[in-house]
Amino acid sequence: MMARFCQAASLFALALALALALACPPAALAAEGAPAKETDKPAAPEIIVTAQFRAQRLQDTPIAISAMGRDLLEKRSATDIVSAAAGAPNVNLSKGQGGFGQFASVFIRGVGQSDIHFAVEPGVGMYVDDVYYGVMSVAVFQLLDTDRVEIARGPQGTLSGKNSIGGSVKLYSRKPSFQPDAYVEVTAGGRNLLSGRAAANVTIIPDKLAMRFSVSGRRRDGFMQRLDYGCATGSGTTLRTGANCVLGTQGGESVWSARASLLWTPGPGIENVLSIDTTQDQSENPAQKTVFQSPAWAGSANYITPWGSYSNYETYQSRPTGTSPAPAYPMSPNSTLDAKGVSNNLNIDLGGNIRLTSITAYRYSSTSLSAQIDQTPASISDQSWHLLHRQFTQEVRLSGALGTWADWTVGGYYYKATGVSEGRVTISGGVAPGGGGINLDTVFHDPVRTRSISGFVHGVIHATGRLNLTLGGRYTDDRKDFTFNRFDPYGNIIPSLASLVNLTRTFQGTRFDYRINADYRLNNAVMAYAQISTGYKGGGINPRPFVASQALPFAPETLTTYEAGLKNTLFDRHLLLNLAGYISKLKNLQGTLRSCDAISPAPGFPCNQTANIGDATIKGVEAEATLRGPGGFSADASLGYTGFAYDHVVATSGVVVGMRSVFNPEFTASLGAQYAYDTGKGMITPRIDIRHRSSIYTDATNTPLGHLPALQLVNARLTWDSPQSDWQASLAVTNLFNTFYAEATSLNTVVPYFAGSYILAQPRQWQVSLRRKF
């Protein structure tokens with residue numbers, strides 16, 4: 001492990017040295033502190049972040065944080081939060097885990113959550129304009145008129161609150177302004193891609209009332225062909241209705257979003273921003289490829305299509321079996337989302353260096369999806385889901401300063417959510433090992449009510465001109481009420497599941513998190529910091545019991561991290577180099593178990609149990625660099641290492657010491673480079689981005705099928721900007737070398753399913769864009 005780390009670090013150092021040698025000859029490097037020449041490339045732009053409740057320069061913020069402005073996001077061809085976070089060290093985002101629609105699994109430093117159910121808390125807090133999102137729908141996190149993205153790594157228990165145990169990801173939209181600013185962009189590309197974006201400021205009352213509106217839409221054909229098995233193999237019955245064997249596709253996109261924000265400044269020191277947004281997603285289900293089948297239910301049929309081909313045999317026809325089966329029924333090939341919300345951000349300068357901030361928000365989302373673990377006409381296991389979620393949040397902060405020696409913030413936070421998960425689970429293959437036995441066909445209706453209240457305090461003491469001490473604390477009180485209902489397809493009580501009708505379970509707990517931080521400026525170019533910080537992910541009740549004995553509680557997951565870092569601003573800001581190292585103690589790690597008779601005995605029934613697996617130690621290092629060299633050259637790079645080791649495991653979980661946690665690559669690395677060349681008729685900028693992630697496991701027990709190999713991806717982009725910067729044209733290619741890979745899995749190789757599939761990522765995609773700024 002250490003040898004691999006040293007190799008990766010050496011490669012990173014070599015790449016950085018080469019970039020420095022190409023962009024900054026020795027004479028230039030020796031002139032640190034000298035005035036920049038007119039021919040020099042401007043220094044790295046200042047990025048302002050608000051991770052500590054107040055505006056600070058990124059290089060002055062003593063936490064491990066990656067920040068990307070809208071210019072860099074465009075250069076990287078980032079369209080959603082998954083692609084935006086690809087360049088941050090020790091960050092791993094994927095879509096479609098478990099085959100459950102367009103949901104995101106987010107992990108930072110080996111900590112996160114792969115379960116899409118809103119009753120299981122995320123491990124990384126997701127925010128848009130400082131509003132916490134309790135549902136992890138990818139479409140909601142499209143980069144619609146985004147100003148910047150902040151990714152804070154490590155527990156943010158005092159700054160962002162619960163469920164930011166691994167870190168937080170925050171998107172900030174462009175605020176309305178009284179200055180004219182508008183753009184229109186259209187894009188076309190492969191697989192009939194057509195998309196567009198537009199945004200504009202409108203002044204209603206000068207210096208008093210302004211509005212900014214933005215809209216985007218995106219449509220693209222699917223890349224995974226659903227073949228008719230009988231037609232493609234010449235055996236069995238066929239459902240084909242056309243001249244070929246293709247029944248449809250997976251992986252297609254159809255999503256549009258709109259946002260309107262109203263800025264009101266009624267008087268000096270008062271600013272209010274009211275925002276309304278909506279996202280409508282009718283995209284196809286994720287592309288899934290069958291990789292494992294059991295002869296007990298597949299018989300002599302081979303439902304596994306050749307590796308490297310984008311094809312499967314999914315029919316979206318569920319066929320219940322048993323002594324008195326319900327009729328076959330169709331399942332939706334699409335994952336639909338209706339999301340909308342309203343938020344109000346009020347800031348008032350009360351005088352005396354005291355500022356009041358109030359953030360009020362209401363959000364609604366309705367998601368419908370289907371999930372098939374086998375992706376075959378055998379219909380071994382089918383699920384139809386509808387997730388309805390409503391949340392209200394209120395945060396109030398009071399910030400101030402005590403002269404020049406201290407800054408402080410106190411505040412309170414309230415979160416209330418009601419959700420309903422309902423649908424139908426059909427296990428036609430039976431629940432006996434390998435298939436057969438009892439067949440399961442149930443409908444479910446499970447309300448979940450969540451309430452969280454917290455109070456927090458944050459203070460920074462400027463002990464000397466170079467030394468700052470930061471202290472923070474947050475106390476949180478959580479409560480969740482789960483109600484379970486199981487019926488047969490006709491609404492009747494199933495005798496064997498009668499105990500799961502109107503069964504209510506409650507989880508309640510409190511938690512105190514703290515942060516102690518010291519930062520010291522060694523000189524004008526280097527700042528060092530060290531801190532201890534904590535965070536937690538809320539506990540609850542297993543949201544997917546198949547029998548009452550599986551409706552068990554699980555404890556909160558907690559994390560304590562010891563971290564130290566350096567923030568270097570070198571060569572007149574031509575090089576930013578940030579380093580961090582950490583050791584984390586993780587307690588009560590939450591995971592999803594597929595075999596749980598040892599925990600909740602129910603022989604003959606399936607298992608999808610959320611439970612505490614054990615404790616672990618996580619060690620890691622991170623490096624980020626941004627280089628602005630002479631001429632038009634610039635580069636950015638990152639390297640992350642995360643070492644995960646269980647200290648203790650729950651014997652009945654099936655996890656053993658030596659296994660790795662899910663979605664936790666040991667190494668992540670990225671390198672992006674571009675060169676802007678002035679042709680006299682505009683600026684031409686070619687750019688290339690390379691990303692590496694080492695292998696990962698997608699299941700807690702590290703089954704071979706849950707192992708996804710190491711991955712390297714390359715994106716390229718060519719941009720032309722007009723001399724007046726009012727026109728821009730670009731050609732972008734993602735997955736340049738057309739790498740065939742899976743980003744998540746939907747599998748179960750134990751009772752009852754014995755089936756599995758991979759969720760495939762997009763193949764190579766090209767697109768051309770034209771933008772007009774006004």
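How many aromatic pairs does the count come to? The count comes to 17 aromatic pairs. Keep in mind that this is a predicted model.

1. **A stacked pair.** Take F107 and F663. Their ring centres lie 5.4 Å apart, and their planes meet at 20°, so the pair is stacked. The two residues come from distant parts of the chain, 556 residues apart. F107 belongs to strand 5 (residues 104-108). F663 lies in the loop between strand 35 (633-649) and strand 36 (667-675).

2. **Burial of that pair.** Are F107 and F663 buried or exposed? F107 is buried, with a relative accessible area of 4%. F663 is buried too, at 1%.

3. **A ring cluster.** Look next at F223, W307, Y310, F740 and Y758. Ring pairs join these residues into a cluster.

4. **Charges over rings.** R109 places its charged end over the ring of Y582, 4.0 Å from the ring centre. R771 has its charged end over the ring of Y183, 4.3 Å from that centre.

5. **The disulfide.** The count here is one disulfide. A disulfide is a covalent bond between the sulfur atoms of two cysteines. In this model the partners are C231 and C245, with sulfur atoms 1.9 Å apart. The angle about the S-S bond is -65°, and the link is left-handed. C231 sits in helix 5 (residues 229-233). C245 is 14 residues away, in the loop between helix 5 and strand 15 (246-250).

6. **Exposure of the cysteines.** C231 has a relative accessible area of 18% and is buried, because buried means under 20%. C245, at 21%, counts as partly exposed.

Key: Residues are numbered from 1 along each chain as its sequence is written. This is a predicted model: local features need pLDDT of at least 70, side-chain atom pairs count only at pLDDT 80 or more; totals for chains, interfaces and linings use all residues. Side-chain values use heavy atoms; hydrogens and water are left out. Rings of Phe, Tyr and Trp (its six-membered ring) pair if their centres lie within 6.5 Å; planes under 30 degrees apart count as stacked, over 60 as edge-to-face and the rest as tilted. Helices (H or I, at least four residues) and strands (E, at least two) are DSSP runs, numbered from the N terminus. Buried means under 20% relative accessible area, exposed over 50%, partly exposed in between (1.4 Å probe, protein chains only). A charge sits over a ring if NZ of Lys or CZ of Arg is within 6 Å of the ring centre and within 35 degrees of the ring normal. A disulfide is a pair of cysteine sulfur atoms within 2.5 Å.
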